[in-house]
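Look over the sequence and the fold first.

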Amino acid sequence: MKKMSLRTRVLTGAVAAALGAGTFGAMSANASAPAAAPATTVRADTANRNLQQSTHLTVDAATKAARAALDAAEKENQRIAVSVVDRNGNTILTLRGDGSGPQAYESAEKKAYTAVSWNAPTSALAERLAQAPNLKDIPGTLFLAGGAPVQVKGAPVAGIGVAGAPSGDLDEKYARAGVAALAK
């Protein structure tokens with residue numbers, strides 16, 4: 001490597017220092033200045049065919065439904081868990097009633113997920129297993145009575161699942177009580 005002269009080394013150092021100071025100043029100025037809006041901002045317009053609106057339950061509505069299901073079960077001395085999921089199957093909330101079994105929590109979530117996924121009560125879906133036994137292999141689903149979809153204009157917006165009562169018929173009865181509470 002060729003040795004630089006003293007003059008070249010001083011000039012190179014001065015240029016590097018100036019560039020570094022300029023970069024630092026520019027970064028400091030940019031950090032304190034508000035970011036400019038991107039030039040290609042897309043406005044959300046409901047008339048845009050690339051966008052779709054959807055309906056979701058609020059946390060308050062999900063709580064109201066879950067509480068109604070839990071209350072209906074408690075009136076009959078049943079110990080259950082109830083779960084409410086959104087249209088995408090994401091759990092909004094799960095309430096585990098006093099004394100419900102350890103399996104009830106997960107079973108309630110799976111029943112709610114199954115009901116909203118197929119937009120049908122899980123008791124009706126359980127009957128389909130005779131024709132399509134592989135349905136039970138779909139991850140996250142549970143084809144036992146106890147799940148009910150929440151619908152708006154026939155489209156599913158949520159699912160309510162109940163587990164822990166001695167029969168699926170009772171579980172589904174309490175899930176339907178949760179759906180009915182939303183109509184009030």
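Q: Where is proline 121 found?
A: The model is predicted: local features need pLDDT of at least 70, side-chain atom pairs count only at pLDDT 80 or more, and totals for chains, interfaces and linings use all residues. Residues are numbered from 1 along each chain as its sequence is written, and side-chain values use heavy atoms, with hydrogens and water left out. Helices (H or I, at least four residues) and strands (E, at least two) are DSSP runs, numbered from the N terminus. Proline 121 sits in the loop between α3 (104–118) and α4.

Q: Does proline 121 count as buried, partly exposed or exposed, and why?
A: Buried means under 20% relative accessible area, exposed over 50%, and partly exposed in between (1.4 Å probe, protein chains only). Proline 121 has 32% relative accessibility, so proline 121 counts as partly exposed.

Q: Which residues is proline 121 in contact with, leaving aside its neighbours within four places in sequence?
A: Contact means heavy atoms within 4.5 Å. With those neighbours set aside, the partners of proline 121 are Gly147, Ala148, Pro149 and Glu172.

Q: Which helix holds threonine 122, and what is its relative accessibility?
A: Threonine 122 lies in helix α4, residues 122–128. Threonine 122 counts as buried because its relative accessibility is 0%.

Q: Which backbone oxygen lies 2.7 Å from a polar atom of the side chain of threonine 122?
A: A polar contact is a pair of N or O atoms within 3.5 Å; within protein, one must be able to donate a hydrogen and the other to accept it, and residues adjacent in sequence count only if both atoms are side-chain atoms. The side chain of threonine 122 has a polar atom 2.7 Å from the backbone oxygen of leucine 144.

Q: What covers the buried residues of α5?
A: Helix α5 spans residues 168–182. Its buried residues are Asp171, Glu172, Tyr174, Ala175, Gly178 and Ala181. Glu172 is also in contact with threonine 122 and with proline 121. The cover over the buried residues of α5 includes α2 (59–75), α3, α4, β3 (147–152) and β4 (155–163).

Q: What pattern does the protein follow along the sequence?
A: The secondary structure comes to five helices and four strands. Read along the sequence, their pattern is α-α-β-β-α-α-β-β-α.

Q: What percentage of the residues of the protein count as buried?
A: The protein has 184 residues. Of these, the share that counts as buried is 31%.

Key. The expected span of a helix is 1.5 Å times one less than its number of residues.
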